[in-house]
Amino acid sequence: MADPKGFLTTPRRLPPRRPVEERVHDWDEVYVPGGLLPIITAQADRCMDCGIPFCHDGCPLGNLIPDWNDLVSRDDWRRASERLHATNNFPEFTGRLCPAPCESACVLAINQPAVTIKNVEVAIADRAWESGYAVPKPPERLSGRTVAVIGSGPAGLAAAQQLTRAGHTVAVYERDDRVGGLLRYGIPSFKMEKHHLDRRLWQMRAEGTKFRTGVGVGTDVDAAELRARYDALVIAVGARAWRELPVPGRELAGIHQAMEYLPLANRVQEGDYDRPPITAEGKHVVIVGGGDTGADCLGTVLRQGAASVTQLDIHPLPGDERAEDEPWPTYPKIYRMSAAHEEARELAASPEADADARLFSATTVRFEGDAPGQGRPHGRVRALRLVGTGPEGRAEAPGDGRGERVLRADLVLLALGFHGPERDRGLFGQLGLELDARGNIARDASFGTGREGIFVAGDAGRGQSLIVWAIAEGRSAAAAVDRYLAGDTALPAPVGPADRPMTA
Ligand SMILES: Cc1cc2nc3c(=O)[nH]c(=O)nc-3n(C[C@H](O)[C@H](O)[C@H](O)COP(=O)(O)OP(=O)(O)OC[C@H]3O[C@@H](n4cnc5c(N)ncnc54)[C@H](O)[C@@H]3O)c2cc1C
Ligand code: SF4
């Protein structure tokens, strides 16, 4: 570290976001362009270079955080980029999208605000691209072995890049028309503009990875035939089976799953539509679900010009401080204000809820709608009835209508999470895959499915998780495949299939 007293003299500073009034009228990232660079060197210098850096354990990739903080504080961006890319294939994704469990584990965070690790990461990644350090790294020689990766989300992409660089000939099969998984169709562009993804895909193509889009494995091509054509398969199909809300009125028109709604908004940005087939424009919207997917819906709804929007969270309002059972260095459940919540607060978007549009301790009991119309077997949703919940998330009202509250709703978005990969019978049946007790694809300690040469990486095997875990899984699964194909491997394996985030 250039200044050993940096953590004493420099306060934590975050880059400025653009004014809400400006940013809700476009789909660009919310931060002021160029706002990070002037502050980031001093922020990196806040790192104490502690003897035992717990941030390493907080990050599933084992990112070498103190090393690159030190290099940034010394203005050595090239070496910082090398150190960062040694453990992370896609730091410009995690630097924008990761909830940064590393910062919760930062030693400075015991009694001061943590080092802005995630911002240092994205600054290094962006600088690497601008300065030409992020060049394609094709293998020096080919192994003659072939691998098919099924699914092009962060897990599939990380596995494909590692295996290509190790000399194997890799093709990624993706059922969507574009590559990227949830990075492309799910995560809104105000969180990550898609040119960051396209730039990495350019690098991967230049290294030799092939992409086959619009091919559903198990439906468009037979998975067993694919297995026969390649020396190994990596299944990275994500965990897209969404949770339902089985309450009266669910069948009404105007109630959609978040993942039916968000990809359409992404497609407008890709130029597929002028106006999305499902839009919040002029509507009273209720988002059911208090997680990050719900927050992504919130930011999207605001940009589409909703008349109002309220987000329901079944959990109670979290506190501002760590609870006793979530001590440092774990990632605690505390009150967090995303950019979308900040926007909702400033725009006073909900007439019904707290300032940031969220209603906590609330659960939906039924939807109400108008009468079925011509050609419409069901009416359209007009209202949502909710009751308060206790600490366990159970409804506290008697169930006879007393204690119910009514919210106006002509668009409802369900963001209730996912329960594993879609039980696509083609893929599962053709490969003989089995599910574990949690409903994810069963695998052994080497990411193998028990079927010869077939491996699983990312949310498909772990359940719904985070991008940083997906990249870490892709890297580890690649190491397992390389060992299977070559007898040994020099590829890193940052996580095992059973590893989980730190808990007390
Ligand atoms: C709306 C939303 C927002 C999120 N935001 C964040 C965030 O900000 N930060 C964060 O860390 N995490 C976030 N997550 C979680 C994160 O996106 C996932 O954990 C991560 O994308 C999982 O990566 P994956 O590669 O395993 O799967 P996915 O990204 O889901 O990719 C799986 C791919 O497989 C393809 N596929 C499926 N079946 C087949 C088949 N049979 N043949 C061919 N292709 C197939 C799919 O089309 C898809 O492209 C978010 C999740 C959602 C739903
Ligand atoms: S990937 Fe996430 S956990 Fe790891 S260093 Fe970056 S922000 Fe922190």
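Predicted model: local features only at pLDDT ≥ 70, side-chain atom pairs only at ≥ 80, totals over all residues.
Domain bounds here come from an automatic or database domain assignment. Residues are numbered from 1 along each chain as its sequence is written, while chains are lettered from A and ligands numbered from 1 in the order in which they are written.

**Where domains 1 and 2 meet**

- Contact means C-beta atoms, placed from the backbone, within 7 Å; by that rule, 19 residues of domain 1 are in contact with 19 residues of domain 2.
- On the domain 1 side, helix α7 (residues 91-97) makes the largest contribution, five residues. Helices (H or I, at least four residues) and strands (E, at least two) are DSSP runs, numbered from the N terminus.
- That side of domain 1 holds 11 nonpolar, three polar and five charged residues. Here Ala, Val, Leu, Ile, Met, Phe, Trp, Tyr, Cys and Pro count as nonpolar, Asp, Glu, Lys and Arg as charged, and the others, Gly among them, as polar.

**Ligand 1**

- A residue belongs to the surroundings of a ligand if its C-beta atom, placed from the backbone, lies within 6 Å of it. Ligand 1 has 39 such residues, and Gly-151, Gly-153, Gly-181, Gly-238 and Gly-458 come nearest.
- Two or more shell residues come from each of α10 (154-165), β2 (169-174), α14 (292-303), α17 (459-462) and α18 (467-486).
- The shell is made up of 18 nonpolar, 12 polar and nine charged residues.
- Ligand 1 lies between domain 2 and domain 3, because both give residues to its shell.

**Ligand 2**

- Among the 14 residues around ligand 2, the nearest are Cys-59, Thr-94, Cys-98, Cys-102 and Lys-118.
- Both α8 (101-104) and α9 (117-130) supply at least two shell residues, with α9 giving the most, three.
- Its shell has nine nonpolar, three polar and two charged residues.

**Nonpolar cores**

- A nonpolar core is a set of buried Ala, Val, Leu, Ile, Met, Phe, Trp, Tyr and Cys residues joined through C-beta atoms within 7 Å. Buried means 20 or more other C-beta atoms within 10 Å of a residue's own, exposed 12 or fewer, and partly exposed in between.
- The largest core has 87 residues, and Ala-159, Val-234, Ile-235, Phe-455 and Val-481 have the most contacts inside it.
- Helix α18 gives the most to this core, 13 residues.
- Domain 1 and domain 2 both contribute, so this core lies between them.
- A second, separate core of 39 residues includes Val-285, Ala-306, Ala-344 and Leu-411.

**A five-stranded sheet**

- This open sheet runs β5-β12-β6-β7-β8 with parallel pairing; strands pair if DSSP finds at least two bridges between them.
- Its edge strands are β5 (255-257) and β8 (358-359).
- Strand β7 (residues 308-312) pairs with β8 over two bridges, and Leu-312 stands opposite Leu-359 in β8.

**Backbone details to look at**

- The peptide bond from Trp-328 to Pro-329 is cis, with omega near 5°; Pro-329 lies in the loop between β7 and α15 (339-346).
- Asp-75 has a positive phi, near 65°, and is exposed, with 10 other C-beta atoms within 10 Å.
- Ser-361 has a positive phi near 50° and is partly exposed, with 18 other C-beta atoms within 10 Å.

Definitions and conventions: Contact = placed C-beta atoms within 7 Å.
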